[in-house]
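Open your viewer and get ready to click along. We will begin with the whole chain and then pick out a few residues, one stop at a time.

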Amino acid sequence: MATQELLIRPGTRRTRVLRTGAGDFRRPPGRPRPVVAPGVAAAANCAPRRMSGGLQLALVGVLTFVTCLGLAAVNGLSSAGSQPVPSGVATVQAQAGETLPQLAHRVAPNSPVGDVVDRIVALNHLADRALHAGQPLVVPA
């Protein structure tokens, strides 16, 4: 069978139709069409949406600001009930099994432990931060 090209609706848009003989018309292959069943909802567009660059930048700025506020609040709360490290000094002996943070809490219970430990290390020139039972130490008092 010979295939002929037939033009339909001359003078308007040219549509190409293939004729395979005996009045049989077929459409050339084209874009597939979606099949929609009755009573079934059409599929939603599930592709992820992209945010604009300005919106992303604003979101990062807001998150950074909130994080900084949270850190400032935590630092403010941790030092709100504490007093500064005492400026005077006294000599005490380390007890058996005592660590520097325990000693700092014992000699200055209302001051920040880390600041008191740093002051004890500086006053006694401790290189390894190890304590020995009975060791005399100069501490803030």
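Switch to the cartoon view and follow the chain from the N terminus: its elements run β-β-β-α-β-α-α-β. That gives three helices and five strands in the protein. Keep in mind as you look around that this is a predicted model.

Next, colour the chain by pLDDT. The mean for the protein is 76, and 62% of its residues reach 70 or more. Where is confidence lowest, and where is it highest? Select residues 4-8 to see strand 1, which has the lowest confidence, at a mean of 52. Then select residues 100-107: helix 2 has the highest, at 91.

Of the 141 residues, 15% are buried. If you display contacts between residues with a separation of 6 or more, 50% of them join residues 24 or more positions apart.

**Stop one: a nonpolar patch**

Select Met51, Leu55, Leu59 and Leu63. Together they form a nonpolar patch on the surface, with about 370 Å² of accessible area. Click on Leu55, which sits in helix 1, residues 53-78. Is Leu55 buried or partly exposed? It counts as partly exposed, because its relative accessibility is 46%, between the cut-offs of 20% and 50%.

**Stop two: a salt bridge**

Side chains of opposite charge can pair when their charged atoms come close. How many salt bridges does the structure hold? There is one. To find it, select Glu98 and Arg106 and show their side chains: the closest N and O atoms of this pair are 2.9 Å apart.

Glu98 has a relative accessible area of 11%, so it is buried. Arg106, with 37%, is partly exposed.

**Stop three: a serine in a loop**

Finally, select Ser111 in the loop between helix 2 and helix 3, the latter spanning residues 113-124. Why does Ser111 count as buried? Its relative accessibility is 8%, and buried means under 20%.

Notes. Residues numbered from 1 in each chain as written. Predicted model: local features only at pLDDT ≥ 70, side-chain atom pairs only at ≥ 80, totals over all residues. Heavy atoms only, no water. pLDDT = per-residue confidence, 0-100. Helix = DSSP H or I, 4+ residues; strand = E, 2+ residues; numbered from the N terminus. Buried < 20%, exposed > 50% of the residue type's maximum accessible area, 1.4 Å probe, protein only. Patch = residues over 30% accessible without salt bridge, like charges linked within 9 Å, V, L, I, M, F, W, Y side chains within 5 Å. Areas by Shrake-Rupley, 256 points an atom, 1.4 Å probe, with all protein chains shown as cover. Salt bridge = Lys/Arg side-chain N within 4 Å of Asp/Glu carboxyl O. Contact = heavy atoms within 4.5 Å.
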